[in-house]
Structures are given as C-alpha cells and as structure tokens.
Amino acid sequence: MELPFAESWKIKMVEPLRKSTRAEREQWLKEAHYNVFQLKAEQVYIDLLTDSGTGAMSDRQWAEMMLGDESYAGASSFYKFQEVVRRITGFEYVIPTHQGRAAENVLFSFLVKPGHVIPGNVHFDTTKGHIESRKAHAIDVTIDEAKDTQLELPFKGNVGLAKLEKVLADNKGNVPFMVLTVTNNTVGGQPVSMQNIRETVELCHRYNVPVVMDSARFAENAYFIKTREKGYEDKTIKEIAREMFSYADAMTMSAKKDALVNMGGFIATRRADWFEGAKSFCIPFEGYLTYGGLNGRDLNAMAVGLDENTEFDMLETRIKQVAYLAQRLDEFGIPYQRPAGGHAIFVDASRVLTNVPKEEFPAQTLTCELYLEAGVRACEIGYILADRDPVTRENRFGGLDLLRMAIPRRVYTNNHMDVIAVALKNVFDRRESITHGVRIVWEAELMRHFTVKLDRIK
Ligand code: F0G
C-alpha cells in the first residue's frame, strides 16, 4: 500500500485556541457591527482572515533571530539577507522594506506620475491604492476566464495578452511599467504559467515597458508551474523561481507570505537607475538602506524563510492542505473558485446565498454566518471590498462576490480544515432559509471594508 501524504515538518511549539458559544459570538459580532475586522482575535477560533504575516516560523528562523545584528548601518543581517535574495531572484540590487505595500510605496514614488497607465493581472488593493493615490490608472488585464468560478484552468491567473497589448498600444509613452502578480491573489490565488510570464514580458518589452513582479506568493506560483506545466516537472522550485524572475525587471515583495515571516518586505531589481531612484524614497519612508523599517533579526528570519519556502516539500505540504479543504467542500457540493488556489479557497457566495439580494451583500452575510456557526473568521472579497464608483457613488456589483478563507502557513492541521468544511456545510445546508443580508450603517470613502459598520436585516 502506498504511504499516505503527511506534513514535511513536526510541531515544536503550540499556542492554545479558544472556543466560544454561539451566544457569545452573536454578542461579539453585533458589537463588531457585523464586520469581522472589528472582532478581537481572541473571539476567533480558527482565523482565516489572511495568510499574510500569520504563518509559523521554523526553529531555524527563531535561531537566526538571536543572531540579528542591530547595527544602524551595514549590519551583517542585511548582507545575509541580500545574499539570499540575490541567489533566489537573480536581482542585483536589493532594498528591504517593512512590508509589501511599503516596497510599492518606495518604488512607485520614483516611477509613477499623474496620468500614467499601469496594466496588471489584478493589482492587489494596496498596489492599486498606490497607483490611484498618485492620480495614475490601474487597468486589469487578467484573462476573462478567471471570472467564471466553475471553469477549471491550470493557470487561471494568466494575463490576457490581447487585452494587455491594447493597453500598451493605446497608451504609448505613458506606461511606466506593468505589474505581473504571481500568484494572482484577487482571482483566487491562481497561478501564472511560465509561458504566460515569458509572453507577457516579451510583449511589454516590445513596447519598451518594463515589468515589475508582485511576488508575494512567487514560490506557490513556482510550485504550480512544476506540477502543472510541461517541461518543468524535473526542475527544482529554486530553478523555476530563478527563471520566473529572469524575465522581469524588478520585483516588490511582501515577505509576510512566501518568505514565512510575520513582518517584512523588499524591492529587488536589475536596473541600477531604478535602484538609485528608489533609494532616495527608502530613506525618508522606511529608514536607512540596510534595514528598511526592519530589525536585523527580521532580516535574518526573512533570509531563512525565503530559502526554506523555495523547497518543494514545504510547498507541497502547504498547497496540499488547501487542496484538502477544497476536496471536503466538493464532498458537500459547496461552490468555490476552481481549481483550488495556492493560499486560499474563495467560496462563490452568490451561488450559495441565492436568496440574499446583491444589495444586501451575500459574501459579507456568509462571512457572518460562518463566524456565528463555528467561530471561523474568513473575509469578504466582494461587493463591500469593491467600494463605490468614485464618480456615481453607486456600489460596484460588477465583479465577483466571494468569501475568502486564507490558510496561514504551518499553523493549522487538517483537523482544523475538517472543522471549517463542516461549519460551512452547516451554513450551506440552511442556505434557503437565509433570505436577508446586511445593510451599511457607516462607511469610509476608500477601503471601506476594514471599518464599515453594518446591521443585520431581519
Ligand atoms: N501584493 C499582493 C499580491 C498581496 O496579496 C499583498 C497583501 C500585498 C501586495 C501587500 O503586501 O500586506 O505586506 O503590505 N495581501 C494580504 C492579503 C494583506 O490578505 O491578501 P503587505
């Protein structure tokens, strides 16, 4: 008999979890105005709000924390970190930052001017925010198939080349760079194939447009290339990552994801002119160039995390856990963005809560129901997150309305996945009886989902 699959690590330190009663959760959720961002973490049993900065570090990472060099300038921790980034990415110039959005802020401060157009395969919210706040435009060029949640495609995060070419041709001389996000978080942690990376970069370079890789989950993307794309099955994750980066001009990195740390990020590039330009924004925003908003110990942990998470076994454990949760949902017939992504399962709320009108935010309602059912905190990636149209001030109902269950790295076991799946099944089984959603009581003008106050429609 073939031996079953098991995690590529064992557990050395544990953190107790707290369970609660439904009555307690009803009270807490009401106090949180039906917005799970407003809950206290101790009111949550299984936390799937994000996979960002919520992972568990290894014993090697913790050991390196003790060796952190906290010198203001020229710390050995920086050089250790720089060596690993250069080795894994092939980029010569490296600037540490405190997280991914800080890397965007520093690099975009140099590159983005009002009126610029920046295409991308769904810019993450902060990426988009850093473009739009500079009065430039972010244009999505992801393949249309990504919007059909039931369609199974191996590389559903891909760039639509015809769409991209149209943006490049219509905006000649006005596109400072293109953002290639691997994996494509917003459409479900879906990967981009090596072929698509190559073709995207070739197309951009033909128009003299450089490419910045938003690399938050680059290692998960490399895993999917290895397991799904012909010609890569015998390559190592490190070889695949190195090839991915070889096509790009620069990268921004949220190390809170695929570098397995709780806080950290960086910019890396092969362009000396971009390095020089970004440097002058790093100092006022993030601090001196050899620490960039981080402690020496954080740089050490990041160096080890990058190395560890570009090993196949680590990624296989991770991605198979997400696939396991998906398989449990399949047993119950719960619809989600197919196939299962790298870091999360995105449940298609509009196909679950069919009796809740879109004006009453089905995905947000499902988020509330899942929390009430079992203390599981997921988050809405849907109509509330989409904000209002800046001109008409109407809600934007054009996109998908999803419930994202992001799985922290090396934190929960498959028993937890079973709890999550059954909790969702219980809500799914009574979906016909859920006929009312939520209404907005108060909202911020931008990025309202963090602070929105809601009421439950009875
Ligand atoms: N790019 C991508 C693709 C991301 O998913 C994120 C963060 C960032 C950039 C920004 O990085 O948080 O370190 O500043 N995503 C988190 C999430 C917050 O929950 O998906 P950051």
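**View 1. Salt bridges in the chain.** In this predicted model, the count of salt bridges (a side-chain nitrogen of Lys or Arg within 4 Å of a carboxyl oxygen of Asp or Glu) comes to 38. One of them joins E64 and K80, whose closest N and O atoms are 2.8 Å apart. E64 belongs to helix α2 (residues 59–65) and K80 to helix α3 (residues 76–89), so the pair ties together parts that are 16 residues apart in sequence. Helices (H or I, at least four residues) and strands (E, at least two) are DSSP runs, numbered from the N terminus. Residue numbers start from 1 along each chain as its sequence is written, and side-chain values use heavy atoms, with hydrogens and water left out. Local features need pLDDT of at least 70 and side-chain atom pairs count only at pLDDT 80 or more, while totals for chains, interfaces and linings use all residues.

View 2. Domain 1 covers 22–51 + 318–456 and domain 2 covers 59–308, with bounds from an automatic or database domain assignment. Their C-alpha centres lie 27 Å apart. In contact (heavy atoms within 4.5 Å) are 25 residues of domain 1 and 29 residues of domain 2. The buried area, meaning the accessible area (1.4 Å probe) that two parts lose on being put together, summed over both, is about 2,200 Å², and carbon and sulfur atoms give 49% of it.

**View 3. The E152–R338 pair.** Six salt bridges are found across the interface of domain 1 and domain 2. The side chains of E152 and R338 form a salt bridge at 2.8 Å, N to O. On the side of domain 1 that touches domain 2, at least two residues each come from α12 (312–332), β9 (344–348) and β12 (402–406).

**View 4. The cis peptide bond at P339.** R338 and P339 are joined by a cis peptide bond with omega of about -10 degrees. P339 is located in the loop between α12 and β9.

**View 5. The cis peptide bond at T183.** The peptide bond from V182 to T183 is cis, and its omega is near -15 degrees. T183 sits in the loop between β5 (178–181) and α7 (194–206).

**View 6. Backbone of V122.** V122 is not a glycine, yet its phi is positive, at about 55 degrees. The loop between β3 (117–120) and α5 (125–132) holds V122.
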